[in-house]
Amino acid sequence: MAKPDRDAEFTEYVSARQGWLRRVAYLLCGDWHRADDLVQSSITKLYAHWHRASRADNVDGYARRTLVNTYLAEQRSGWARWTILHRFGGDGGGALELEPGPPVVGDLELGLDLKEALARLPPRQRATVVLRFYCDLSVEQTAQIMGCSQGNVKSQSSRGLATLRNLLDPNLTLVMEGPR
């Protein structure tokens with residue numbers, strides 16, 4: 001009877017953490033539908049290795065690492081696997097609206113600017129910035145998740161933040177550099 005207990009434990013974990021995983025996935029890829037696909041792929045991998053994940057000291061860390069690795073593997077594949085699904089109403093009239101993302105809170109313009117700037121970062125810089133500053137992980141934890149050195153995390157973070165600063169306020173660079 002281990003499998004029903006295992007399935008119940010997995011279902012309980014995923015039900016509690018799915019929203020959080022979806023937000024992290026969105027920050028990584030910048031699209032709610034693609035974020036849902038990333039979460040689904042990650043959850044599938046997590047289920048396949050639940051016997052190991054459930055015994056981990058930090059199940060959230062294990063799930064987050066699975067999500068980031070899934071995202072980075074997709075980016076390395078050289079092409080995105082996109083499937084466009086259309087749902088039509090019973091009358092064949094038009095496409096139904098899919099589930100919207102979470103409600104926007106705060107400064108909408110700043111959020112849109114940040115989203116656009118984040119989308120322009122290379123995948124590893126983006127993953128590093130999301131892990132360090134959204135997930136609030138240490139350099140050591142981020143290095144462990146990304147499978148790289150702490151120095152690499154520091155340089156990716158530095159480059160990512162510099163690019164974000166430049167994209168969000170190009171004049172800031174000129175002020176910091178001084179007159180030419």
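Does D60 count as buried, partly exposed or exposed, and what is its relative accessibility? At 23% relative accessibility, D60 counts as partly exposed, where buried means under 20% relative accessible area, exposed over 50% and partly exposed in between (1.4 Å probe, protein chains only). The model is a predicted one, in which local features need pLDDT of at least 70 and side-chain atom pairs count only at pLDDT 80 or more, while totals for chains, interfaces and linings use all residues. Residues are numbered from 1 along each chain as its sequence is written, and side-chain values use heavy atoms, with hydrogens and water left out.

Three salt bridges are found in a search of the whole structure, each defined as a side-chain nitrogen of Lys or Arg within 4 Å of a carboxyl oxygen of Asp or Glu. In one of them, the side chains of D60 and R17 meet at 3.2 Å, N to O; because D60 lies in helix α4 (residues 59-76) and R17 in helix α1, the pair ties together parts that are 43 residues apart in sequence, helices being DSSP runs (H or I, at least four residues) numbered from the N terminus. R17 is itself partly exposed, with a relative accessible area of 24%.

A salt bridge also joins R22 to D36, with the closest N and O atoms 2.5 Å apart, and this pair links R22 in helix α1 with D36 in helix α2 (residues 32-48), 14 residues apart. R22 counts as buried at 15% relative accessibility, whereas D36, at 29%, counts as partly exposed.

Note on methods
Helices (H or I, at least four residues) and strands (E, at least two) are DSSP runs, numbered from the N terminus.
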